[in-house]
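Please keep the sequence and the structure in view while reading.

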Amino acid sequence: MPVETDARLQEWERRAQPYLLIASMLFLTSYSIRVLVPGLSPGWYIFWETLTIVSWGVFVAEYLARLTFSRDRWHFVRTRWLDLIVTVLPLLRPLRMIDLHERMQLRRAAPGLALEARVMAYSGVAALLLGYAAGLAVYHDERSAPDANIRTFGDAVWWAASTLTTTGYGDATPVTPRGRVIAVGLMFVGVALVGAVVGSFSAYLMRRFRQEGER
């Protein structure tokens, strides 16, 4: 029975990936339109808001299905904690692509790319998507806040880039409580992602230098 349960879980994860990708794109698109397009009519706003909620519901249903298929549900929650976080906070879903990619690579006999290249590529894409999502969320809260210095989406993107790269110029800073919570989360994520890219690139250089030395 446990083997059958694991097989069902793996089969479900494999089949659900295309639909999760579509739901992720719909969620980010609908949220972006609600934030970036001013003057939406009530009908269109309700449409995009409904699409956001429905795509979020897909994430919740998929997580509950995997929880049902798992043979040890508490172990599943503890070991797949990132899945739970990105289900509750869908704007963090780009982080899941790194974990998902690593699990898929473990099932393959020969990965197509070197480890360093894979880490850099997936960390870079995750950083771009997270920066965009964080910029959207902060812009949504900050644009109408008193004394805010993030008034345009360009300001929010600049803030997200400087935060992700741990530069922190200080010319654009959130003033709302939720904006500051997002900023703290982006700081931690930025340190982790930038560290992964820099560390992988350093490992790649060291490996290349070692190979050259052996020649």
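**Contacts, cores and charged pairs**

Leu186 touches Leu130, Ala134, Trp159, Ala160, Thr163 and Leu164, when residues up to four places away in sequence are not counted. The model is a predicted one, and its protein chain has an average pLDDT of 81. The points below treat the nonpolar cores, the salt bridges, a surface patch and the confidence of the prediction.

**Nonpolar cores**

- Leu186 also belongs to the largest nonpolar core, which has 15 residues.
- Tyr31, Val35, Ile150, Trp159 and Leu186 are the members with the most contacts inside this core.
- At least two residues of the core are supplied by each of helix 1, helix 6, helix 7 (153–164) and helix 8.
- Helix 6 gives the largest share of the core, namely 5 residues.
- Another core, of 7 residues, lies apart from the largest one, and Leu95, Ala127, Leu130 and Val189 are among its members.

**Salt bridges**

- The structure contains 8 salt bridges.
- One of them joins Arg15 to Glu11, with 2.6 Å between the closest N and O atoms.
- Arg15 and Glu11 are 4 residues apart in helix 1 (residues 2–36), so about one helical turn separates them.
- Arg15 is exposed, because its relative accessible area is 55% and exposed means over 50%.
- Glu11 counts as partly exposed, at 31% relative accessibility.
- Arg178 pairs with Asp141 in a further salt bridge, in which the closest N and O atoms are 2.5 Å apart.
- Arg178 lies in helix 8 (residues 177–214) and Asp141 lies in helix 6 (residues 115–142), so this pair ties together parts that are 37 residues apart in sequence.
- Arg178 is partly exposed, with a relative accessible area of 45%, whereas Asp141 counts as buried at 16% relative accessibility.
- Asp83 counts as buried, with a relative accessibility of 1%.
- Arg80 counts as buried as well, because its relative accessibility is 16% and buried means under 20%.

**Nonpolar surface patch**

- Trp81, Leu84, Ile85, Val88 and Leu89 make a nonpolar surface patch of about 460 Å².
- Leu84, one of the patch residues, has its place in helix 4 (residues 81–88).
- With 34% relative accessibility, Leu84 counts as partly exposed.

**Confidence of the prediction**

- A pLDDT of at least 70 is reached by 82% of the residues.
- Among the elements of the protein chain, helix 2 (residues 42–69) has the highest mean pLDDT, at 92.
- The lowest mean pLDDT among these elements, 57, belongs to helix 5 (residues 94–106).
- Residues 106–112 have a pLDDT below 50, and this stretch has 5 contacts in the model beyond near neighbours in sequence.

Technical notes. Residues numbered from 1 in each chain as written. Predicted model: local features only at pLDDT ≥ 70, side-chain atom pairs only at ≥ 80, totals over all residues. Heavy atoms only, no water. Salt bridge = Lys/Arg side-chain N within 4 Å of Asp/Glu carboxyl O. Buried < 20%, exposed > 50% of the residue type's maximum accessible area, 1.4 Å probe, protein only. Patch = residues over 30% accessible without salt bridge, like charges linked within 9 Å, V, L, I, M, F, W, Y side chains within 5 Å. Areas by Shrake-Rupley, 256 points an atom, 1.4 Å probe, with all protein chains shown as cover. Core = buried A, V, L, I, M, F, W, Y, C linked by side-chain atoms within 4.5 Å. Contact = heavy atoms within 4.5 Å. pLDDT = per-residue confidence, 0-100.
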